[in-house]
Structure formats: structure tokens, C-alpha cells
Amino acid sequence: MKAWKKVLVGTLVALVLVAVLVPATLGAQGEGCGWIVARGSGEAILDGDGTVTIHGRGVGVVWVTGAEQLRAWGLGHRVDLPDGTVRFDGWWGTIRASGDEMHIRMVGSIISFYARGCGSVFLRGSGWYRTGQGSGVWSSEGETIELN
């Protein structure tokens, strides 16, 4: 029984260290590192490094620029533009983009996404968002939120 307790205590110590060191590592990369989940209608613009998962509901347009990896599952119209931007019209499914210095713009009546990395998100319209530091609502004037 004593060996089992030692393993349990060791595991708990390791989990606490991970919980303390991982956020410190993200913060060391610079301000604006973390995650955001959002849903609403209007416009969302993401700029930065990391991974973004978009859940399309067939209403709206998504532009992805600068993604090193881009995968999309579902139905809709995908257009590869001459400048390297990929446009998704009326996409019903999932779009996943990852890379450095990405620019992603979403416009529509049902915008739903999760982003993790370093950068900022501009939200304009109506909806809600949550980050590692709290939550809020979209406004008609628009607001820029640093990932945290």
C-alpha cells in the first residue's frame, strides 16, 4: 500500500509541475498567447500563430491566408486564390488551419471557432467568446481580444 501512495504522490507532483510550467512557457513566447472559443454572427478576424478550428454551418465565407497546414472536411465551395488565400463559401463542416503569421477572416450569420496560439482576434457583431482569462460578448463596434 505504501508503494501505491508514493506513486500517487509522485503523479500529483508531476501534474502540478505541468500545470505551473506550461502556462509559464506560453507566456514566455510573448504577450497574447493562449486560446479563445467564440460563436456569433458578424465578422471575426484572427491574426497570429497557432491552430484554428472552424465549424462551418453552411452560412458565410471564410478566408485563410498564410496557413502552413490547411485541411477541410465537409461540403461547400473551396477556391484557391492567386495570392495564396483559400476562400470557403457556404462551408458545412470543419476547417482546420495551422501555421505562423496566419490571417483568417470569417463573415456570416453562424461563426463558430476555437483558436490556440499567439495573436489577436477581432470580433464584430453579436455573440459570445471565452478565453483563458474570462468571457465576453461581441459588440457592433468591434473589439480586439489578445489570446490569453
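Q: Why does E101 count as exposed?
A: In this predicted model, where local features need pLDDT of at least 70, side-chain atom pairs count only at pLDDT 80 or more, and totals for chains, interfaces and linings use all residues, E101 has 71% relative accessibility. Exposed means over 50% relative accessible area, buried under 20% and partly exposed in between, with a 1.4 Å probe and protein chains only, so E101 counts as exposed. Residues are numbered from 1 along each chain as its sequence is written, and side-chain values use heavy atoms, with hydrogens and water left out.

Q: What phi does E101 have, and where is E101 found?
A: E101 has a positive phi of about 55 degrees although it is not a glycine, and E101 is found in strand 4, a strand being a DSSP run of E of at least two residues, numbered from the N terminus.

Q: What makes C33 and C118 a disulfide?
A: A disulfide is a pair of cysteine sulfur atoms within 2.5 Å, and the sulfur atoms of C33 and C118 are 2.0 Å apart, so the pair meets the definition. By this rule the count comes to one disulfide.

Q: Why is the disulfide of C33 and C118 called right-handed?
A: The torsion about its S-S bond is about 105 degrees, so the disulfide of C33 and C118 is right-handed.

Q: Which parts does the pair of C33 and C118 tie together, and are these cysteines buried or exposed?
A: C33 lies in strand 1 (residues 33-57) and C118 in strand 4 (residues 86-131), so the pair ties together parts that are 85 residues apart in sequence. Both C33 and C118 are buried.

How values were computed. Helices (H or I, at least four residues) and strands (E, at least two) are DSSP runs, numbered from the N terminus.
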